[in-house]
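This report describes the pockets of one protein and a residue in one of its strands. Please examine the sequence and the structure before reading on.

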Amino acid sequence: MVLSEQALKKIDRELAKFPADQRQSAVMAALAIAQDETSWLSPEVLQFVADYIGMPAVAVQEVATFYNMYNTKPVGKHKITVCTNLPCALSGGERAAHHLKQKLGLDYKETSADGQFTLMEGECMGACGDAPVLLVNNKRMCSFMSNDKIDALVTELSQTTEAGK
């Protein structure tokens, strides 16, 4: 089975929120649940979600490739997205990105050789007043990211990686 029974139960809860003839309305939630379990949405996972919801596979793929929160290629254990939209860029986003690139030895859309970090560039995260802003694994927003805070974040994430070995 592509997804666990637990993931399928979560998807079923999302499907139950909509009338039977509108199951496609749960596709975004289903993709997020699948990604949480598999870390990225492979063609096999996209097909599985499409079949499970009863949607054409191409429609599921269109959703997954339209929104940047879905990973349609493998990513590191810790995906760090830097907001580089104009307000963030003018308020330290470019500096934060440069520091992260140097610290991790990565450019945007690259994953570290050990598979622990992926660095991505992101559009507006709706927190312009908190710039510069980083998003970790699409779930944790980090605000006012000075070089020291970035160093502490990378250290923390690296330690979680070490603890998980």
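## Terms and basis

Helices (H or I, at least four residues) and strands (E, at least two) are DSSP runs, numbered from the N terminus. A pocket is an open set of points on a 1 Å grid over the protein atoms alone, where a 1.4 Å probe fits, with protein on both sides within 12 Å along at least five of seven lines; lining residues have an atom within 4 Å of a point.

The model is predicted: local features need pLDDT of at least 70, side-chain atom pairs count only at pLDDT 80 or more, and totals for chains, interfaces and linings use all residues. Residues are numbered from 1 along each chain as its sequence is written, and side-chain values use heavy atoms, with hydrogens and water left out.

## The second largest pocket

Helix α2 (residues 27–38) contributes the most to the lining of the second largest pocket, namely 4 residues. This pocket is lined by 15 residues, and Q35, D36, N137, N138 and K139 lie nearest its centre.

## The largest pocket

The largest pocket has 24 lining residues, of which N68, Y70, N71, K109 and M120 are the closest to its centre. Two or more lining residues come from each of α4 (57–66), β1 (78–83) and β3 (117–122). Strand β3 supplies the largest share, 4 residues.

## Residue T81

T81 belongs to strand β1. Why does T81 count as buried? Its relative accessibility is 9%, and buried means under 20% relative accessible area (1.4 Å probe, protein chains only). Leaving aside residues up to four places away in sequence, T81 is in contact (heavy atoms within 4.5 Å) with M120, E121, G122, M125, V133, L134 and L135.

Key:
Buried < 20%, exposed > 50% of the residue type's maximum accessible area, 1.4 Å probe, protein only.
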